[in-house]
Amino acid sequence: MTTSDTTRFGELLQQYRRRARLTQTELSGFSTVSVRAIRNLELGQARNPRRETVRLLVDALRLGGAQRAALQLAAGLEADDTAFLDLPALPALAVRRPHGRDAELELLLDRLTGPDGRYVGIGGLAGVGKTRLALAVAHALGAPERPGPTGAGGLPTLWLSVRRLVDPVDRRVPDDLTVPPVVWLEGLLTRNGAATGEAARLIGDRPVLLVVDGNDRAEVARDTLEALLAGCRNLRVLETSRVPGPQPADFRIALRPLPTPALTAVDDLRGALADPALRVLVDRITDLQPDFRLDAGNVGPLLELCARLDGLPRALEAAASWLPLCSPAEITRLARVEPHVAAGPADAGPGADWVTEALDDALEDLSPARRALLCRLADWDAPWTMEQVVTAAGTGRAEVASAVDCFLRRGLIRRLPSAHLVVFGVLHIVRASLRARTPHIEPIDHIHHTERTEERHSDGTGFGRTARGRDQVAGLLGDRAGRGNAA
């Protein structure tokens, strides 16, 4: 056991003893470990305490679950199985099904309880509701009446929040290990080699759902998760991440924004509340203003607000924080011009700039050509089809389809309702953020208007057929696309 481990064992032992309101003499009497040995352990002067000594101390302190395992691991010993006797309960929020996610929820549940769905992923733009959906999945799998992957219901959950992980340079288990088992388990999962084996030994053959929430940069490596799955036959893993990982899970869904309502007047308030985006917004407003009532005067602006904020649950909840300060009509007017501002909380506290952070993550490893294409598409106000991009770019359909699919999986664009065509549009908050950070990019429509020989499509999208306009868009997909088309 290293010096740092010895010190940490002593600090934990002293912390647990004081919490039990015992003196060293009293602990000695209950445990039969000498006062001198306890004092030396707490001072970090005794190395490699024997397993029997540690057992006597944890039994005397009546430590269970995570605390017992924490002291054993700090002593350089294997943790025993009691850690799984007090798995943490999911937050109360997990009980409430997220609005508009019934189809995705049932699909994930079917996969996780089937033979081919041991490693399932949820991807999508920040704010789209991945964590909320994962909570609902964990709660449903934990219900005793629902059949689990091994036949029995009541699948327990280990919830690993990557945001709470230890510093990746310092691979120690966190010092404050008085919290549930997953906190020290995640310390094991961020280390290499034998630590993964120790985590697999602790989980064993138990039916367990491990949720790795927010694994955006693979802080918990995929080979680690695969090693756990190989060593734990009844383990199921549900991973959420903003950007699709390089290695696909057994099954992965790209979570889309909630459907947005048409910007039309609504006379039926009950019908309006059937809209899932509006339900998210109204629920949050009611949390902040219990006396709020949806009525004919505010339903129109609120429906428009849902559309301007793309049906992103986090954006809607943040916008609700503005409403104690201004009217629905005022915040909707802000969303028309600066939806990325309206999507941030009014108090401008931590997380206020989540839209910029989300966009940075989604753009991080895009090629320069695709970044430029996205910026150009953000300047098109009307919905567009892949065929229109192909025509404007003068390049192959495969290249355009690959770029559009990439944008769709990252949540930067969405498919829009249309009776006959498959049409897309860049999210409003993405468009506003891109325009704010790239004012130097000349809009495609402006380029076309400056051409004397411009030809416009009948749908008014502003795509030109001139040689200059075609060349400027073709370059957005890279030289290879241009050469392929020429061939």
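## Salt bridges and a cavity

A search of the whole structure, which is a predicted model, finds 24 salt bridges. Here are some of these pairs, with their N to O distances.

| Glu104 | Arg101 | 3.5 Å |

Asp365 sits in the loop between H17 and helix H18 (368-377), while Arg410 belongs to the loop between helix H20 (397-409) and strand E6 (413-416), so the pair ties together parts that are 45 residues apart in sequence. Asp365 is exposed at 53% relative accessible area, whereas Arg410 is buried at 9%.

Arg409 and Asp405 are both in helix H20; being 4 residues apart, they are separated by about one helical turn. Arg409 is partly exposed, with 33% relative accessibility, and Asp405 is partly exposed too, with 37%.

In the pair of Glu104 and Arg101, Glu104 is partly exposed at 21% and Arg101 is buried at 4%. Elsewhere, a network of salt bridges links Asp216, Arg217, Arg242, Glu357, Asp361 and Glu364.

How many cavities of 30 Å³ or more does the structure hold? There is 1, and the largest cavity has about 40 Å³ of space. Its lining consists of Leu125, Val355, Ala358, Leu359, Ile429 and Val430; 6 of these residues are nonpolar, with no polar and no charged ones. Helix H17 (354-363) and helix H21 (428-437) each supply at least two lining residues, and H17 gives the largest share, 3 residues.

Note on methods:
Residues are numbered from 1 along each chain as its sequence is written. This is a predicted model: local features need pLDDT of at least 70, side-chain atom pairs count only at pLDDT 80 or more; totals for chains, interfaces and linings use all residues. Side-chain values use heavy atoms; hydrogens and water are left out. On a 1 Å grid over the protein atoms alone, a cavity is a set of points where a 1.4 Å probe fits but cannot get out, and a pocket is an open set with protein on both sides within 12 Å along at least five of seven lines; lining residues have an atom within 4 Å of a point. Grid points are joined across faces, edges and corners, and a volume is the space filled by probe spheres set on the points. Ala, Val, Leu, Ile, Met, Phe, Trp, Tyr, Cys and Pro count as nonpolar, Asp, Glu, Lys and Arg as charged, and the others, Gly among them, as polar. A salt bridge is a side-chain nitrogen of Lys or Arg within 4 Å of a carboxyl oxygen of Asp or Glu. Buried means under 20% relative accessible area, exposed over 50%, partly exposed in between (1.4 Å probe, protein chains only).
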